[in-house]
Number of protein chains: 2
Amino acid sequence: MAKFLSRVRALGLQAFGLRYGSTMAAQKLNADLSRELVESVDNFLFDCDGVLWDGKGAIPGSLETIKLLKKLGKRVFYATNNSSSTREQYAQKCQKFGYDAAEEEIVCTAFIGALYLKNINFTGKVYLVGNPAMGVELDKYGIRHTGIGPDQEMIDDFYPEWLTMKLDPEVNCVMVGFDKYLSYPKILKASSYLKKQDTIFLATNEDSNLPAKGDIVIPGTGTMVHAVKCASRRDPIVLGKPERPMFDVLQKAHNLDPARCCMVGDRINTDIGLAKGCGLKSLLVLSGVSMEADVNPESSIFSKEQFPDYYTSTLGDLEKHLQNSQQQS
Amino acid sequence: MAKFLSRVRALGLQAFGLRYGSTMAAQKLNADLSRELVESVDNFLFDCDGVLWDGKGAIPGSLETIKLLKKLGKRVFYATNNSSSTREQYAQKCQKFGYDAAEEEIVCTAFIGALYLKNINFTGKVYLVGNPAMGVELDKYGIRHTGIGPDQEMIDDFYPEWLTMKLDPEVNCVMVGFDKYLSYPKILKASSYLKKQDTIFLATNEDSNLPAKGDIVIPGTGTMVHAVKCASRRDPIVLGKPERPMFDVLQKAHNLDPARCCMVGDRINTDIGLAKGCGLKSLLVLSGVSMEADVNPESSIFSKEQFPDYYTSTLGDLEKHLQNSQQQS
């Protein structure tokens with residue numbers, strides 16, 4: 001395979017090689033493909049949980065890969081659907097695992113939500129079914145909001161008393177993110193605000209649950225979003241992976257060329273989905289949710305169009321391949 | 001049309017007439033069709049809100065129609081997706097509006113849920129995301145349950161502390177109905193119980209909201225169901241309209257012949273949907289949610305297969321047509 005690709009390059013048929021990668025089966029990363037990938041990309045977007053760390057700590061080799069990519073002049077972003085952290089808090093989380101992440105490199109959905117509203121010159125007030133981090137990111141752009149924290153208003157009443165619930169006439173946007181204080185009054189208020197069809201409806205992400213082993217399921221933001229979707233009978237603009245806005249907002253802020261970006265993730269449905277939807281290159285690592293069977297056309301529940309361009313066991317492989325490739329040349 | 005139907009009957013082609021009614025456009029009720037309907041049916045199932053009463057009180061004429069049908073020897077059931085009332089409480093509600101409803105005539109989803117579990121000889125314990133009425137109906141069959149009322153357990157904690165949440169090892173069924181105390185700990189527990197694939201998952205109904213005019217949206221049971229569906233990534237057996245179990249359970253209890261039952265309702269998607277799914281005759285009244293445009297093939301969002309056999313303005317029309325028909329004959 002390596003020999004074949006060398007010949008492809010020698011023949012000036014690199015474009016054919018890349019197309020081969022995106023419409024045919026996912027290619028297992030090797031030294032040649034690693035060099036090809038790094039040469040064709042300026043910006044790397046990394047999903048974090050399952051790529052950079054897991055339940056046991058930092059995944060060996062990932063840190064070395066990011067260091068090497070930065071040394072090669074690549075720009076690095078940490079792209080997470082997590083809506084419960086500000087950029088500052090998430091940078092600290094990365095640092096805790098040993099990654100030298102700057103706040104500007106963090107792409108989290110609390111931040112993306114605020115930037116999305118700034119980009120459309122939003123005026124008015126946001127009703128948040130969310131958390132304090134979402135409030136902090138909105139505050140940074142001077143966007144007014146209400147709704148954070150527990151709300152059990154009129155909980156001892158019943159319908160039809162609830163018809164007298166007071167609404168804030170200034171609210172013209174509902175944003176739903178992770179909210180452990182989800183309650184009936186909150187869902188009632190969110191769906192009532194959304195009854196006005198010009199109220200903007202945003203959701204940070206629709207992840208059904210957080211990674212957890214054992215008996216306990218930890219419900220994710222999708223839980224809150226689905227409750228509000230059902231009651232309001234409206235569909236939100238979803239900001240996080242696999243939907244477009246996360247990349248669109250980043251692209252606008254940094255003037256990125258999608259063809260020279262690569263999304264690295266451990267989930268075909270979200271991470272690779274974002275890459276496919278936005279025209280980015282994609283690398284699947286098998287250190288998290290997706291397994292090798294998921295990129296095997298014989299056993300995968302995904303179609304070939306959803307496959308990543310490349311896949312490998314762990315992100316550390318990329319660094320090893322590039323080092324080997326350098327030693328050989 | 002009346003003449004044509006008289007000829008159809010005279011020629012012994014009633015079956016053709018009925019088939020004509022169910023596969024072609026909905027027929028507007030008149031004296032002949034009213035007689036035809038009542039002659040072909042032994043059991044009438046009535047949706048209540050929008051058929052028997054609305055926000056202003058009892059809908060004029062509905063009471064007289066039910067009285068006449070009972071006088072003609074027809075069996076009457078009050079079939080509601082409402083899960084917040086026991087049969088006894090709902091009979092009292094009917095009586096408040098002037099309807100002489102007996103507890104045995106009430107088909108509400110709290111009752112259907114309990115009867116469903118009794119029919120499958122359920123042993124074990126139910127985790128309810130629900131309300132006291134559901135508990136009372138389960139108690140009547142001696143079915144054990146837990147979960148009713150507010151639950152804010154570990155709400156001041158975060159992931160990963162939530163991984164230590166205690167589960168009840170006896171729970172092997174989750175039933176979701178209307179629950180104004182919906183909370184994150186409840187969704188976490190429900191979806192954790194459902195992680196065991198042999199845990200039965202029931203939902204009383206999936207109505208997105210309760211009927212309400214004005215600015216306020218009153219979220220319905222669908223809200224709670226969608227939250228648990230998302231977190232558990234499982235689909236429940238839905239008991240209420242338009243799904244089959246409500247009629248299946250009733251049919252078993254009363255040995256009903258579906259072809260000699262008629263569902264009367266104000267919603268094409270739920271009431272008429274149940275009729276179509278179970279092979280019942282159907283009458284749509286326009287005193288609630290659905291409008292005449294909904295049964296006009298030119299303007300309807302529904303397909304002809306979803307159309308009712310008959311439609312009319314209010315249930316009272318049936319009584320008037322039958323009285324007229326009697327006077328003429």
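Colleague: What does A:Gly149 touch, leaving out residues up to four places away in sequence?
Modeller: A:Gly149 touches A:Tyr181 and A:Lys186. Contact means heavy atoms within 4.5 Å. This is a predicted model, where local features need pLDDT of at least 70, side-chain atom pairs count only at pLDDT 80 or more, and totals for chains, interfaces and linings use all residues. Residues are numbered from 1 along each chain as its sequence is written, chains are lettered from A, and side-chain values use heavy atoms, without hydrogens and water.

Colleague: Is A:Gly149 buried or exposed?
Modeller: Buried, with a relative accessible area of 12%. Buried means under 20% relative accessible area, exposed over 50%, partly exposed in between (1.4 Å probe, protein chains only).

Colleague: And where is A:Gly149 found?
Modeller: In the loop between β8 (144-146) and β9 of chain A. Strands (E, at least two residues) and helices (H or I, at least four) are DSSP runs, numbered from the N terminus.

Colleague: How many residues of helix α8 of chain A are buried?
Modeller: 10 of the 10, so helix α8 (residues 184-193) is largely enclosed by the rest of the structure. A:Lys186 is one of those buried residues.

Colleague: What covers them?
Modeller: The cover includes β7 (125-129), β9 (171-176) and α9 (221-232) of chain A. From chain B, it includes β12 (218-219) and α9 (221-232).

Colleague: New topic. How many residues has the largest nonpolar core?
Modeller: 64, and A:Phe46 is among those with the most contacts inside it. A nonpolar core is a set of buried Ala, Val, Leu, Ile, Met, Phe, Trp, Tyr and Cys residues joined through side-chain atoms within 4.5 Å.

Colleague: Which helix gives the most to this core?
Modeller: Helix α6 (residues 109-119) of chain A, with seven residues.
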